[in-house]
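Please walk me through this model.

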Amino acid sequence: MSSSDSQTLTALAEQHRTLVEAAAEALPHQFSQCTYALGPIRQAVYLCLTCGEPRGICSACSIACHTDHEQLELFPKRAFRCDCPTRALAHACTLHSTPEEENAGNKYGHNFEGVFCRCGRPYDAKKERETMVQCVACEDWFHESCLNLRERPPERASTPEDHNAASTEDDASDASDDLPLALITADDYDSFVCGACVRGIPTLRQYAGTPGALMVVRDAPGQPWKIIGREESTDGTATVEVTEGTETEEPDVGEKRARSADEEEVPSAKRPRVSTEPSASPPCLAPPENPVAQKTLDCSSSGDLGAGDVFLTEGWRERWCKCESVRL
């Protein structure tokens, strides 16, 4: 074997090792084992369109059992148990030979019908130009236009190159370059909760529209959308026009107010005495409700004033009130 052949084999081995490590990081469970035995866990879930049943399969079964089937990635779902070994799917599981009863604990939203977002549209990677955002509560995916972050762009026209996966990815990236800037970008928030989930979580509903819990609202139908809950603005509101085909500039934001000397240097003799007796209940740390946000949540069945979605900024878990039993 020549030295050049040896170098080529070494390079191939290194490339293989890198790919295996990347796959293990993206799909932490072993490809040779179905995750059914692990019970309900948070894991990547796939919908087998060929089998035609609204059920989900794990990453290993998507490769080993349904490799020649058409599939749709549903991305991570919490507390989900693989349906491949169950009697819900007629296609036999090759990794878990014992047929199991149907999973009664799994939740099957409309994602398992192949549609996403409140608009109920199917996802087509060859035509979709928009970024989609996942709700951390219900784990559904939403178009930025359906979140009132930008106008809905036209679908990207299919091309012969779309049959090539690498070309499709490049074209999709290029097609997104000319989209207007979203009112709230990925750098502006840490987690997103859709309006339907906000209404079902009392503590989050109270935080909606307050500093660190951004909302996109408007005063009346036809008026420009504005952002409430910005920490940097003096009144928590930033108004932004949404226009199709033009780039939207981010509003100017001021610096955060520095803590005053009176707040930092309170003489110890004047500090209030702290009781050592246990309190009946911890004090509520939640801010006063934002009336604009509450009006939007009360009237958002039509969506004219906003959908009630909340974008939580970094550190929101530390700011979360601990006196409520409701948790996200």
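Asp83 is in contact (heavy atoms within 4.5 Å) with Arg55, Gly56, Leu89, Asn103, Asn106 and Tyr108, leaving aside its neighbours within four places in sequence. The residue lies in the loop between E3 and strand E4 (115–116). Helices (H or I, at least four residues) and strands (E, at least two) are DSSP runs, numbered from the N terminus. Asp83 is buried yet has no salt bridge. Buried means under 20% relative accessible area, exposed over 50%, and partly exposed in between (1.4 Å probe, protein chains only). A salt bridge needs a side-chain nitrogen of Lys or Arg within 4 Å of a carboxyl oxygen of Asp or Glu. Here the nearest side chain of opposite charge, Arg55, is 4.6 Å away. Lys and Arg count as positive, Asp and Glu as negative; His and the chain ends are not counted.

This is a predicted model: local features need pLDDT of at least 70, side-chain atom pairs count only at pLDDT 80 or more, and totals for chains, interfaces and linings use all residues. Residues are numbered from 1 along each chain as its sequence is written, and side-chain values use heavy atoms, with hydrogens and water left out.

Next, the sheet that contains E3. Its 3 strands form an open sheet in the order E2-E1-E3, with antiparallel pairing. Strands pair if DSSP finds at least two bridges between them. Strand E2 (56–57) and strand E3 (71–80) are the edges, each pairing on one side only. Strand E1 (residues 41–48) meets E2 over 2 bridges. There, Tyr46 has Ile57 of E2 as its bridge partner.

Now turn to strand E9 (residues 213–217). All 5 of its 5 residues are buried, so E9 is largely enclosed by the rest of the structure. Ala213, Met215 and Val217 point one way, Leu214 and Val216 the other. In a regular strand the side chains alternate between the two faces of the sheet. E9 runs antiparallel to strand E12 (residues 310–312), with 2 bridges. It also runs antiparallel to strand E10 (residues 226–228), with 3 bridges.

A nonpolar core is a set of buried Ala, Val, Leu, Ile, Met, Phe, Trp, Tyr and Cys residues joined through side-chain atoms within 4.5 Å. The largest has 37 residues; Leu149, Ile184, Phe192, Leu204, Val310 and Phe311 touch the most other members. E9 gives the largest share, 5 residues. Apart from this core lies another, of 14 residues, among them Tyr36, Ile57, Leu89 and Cys93.
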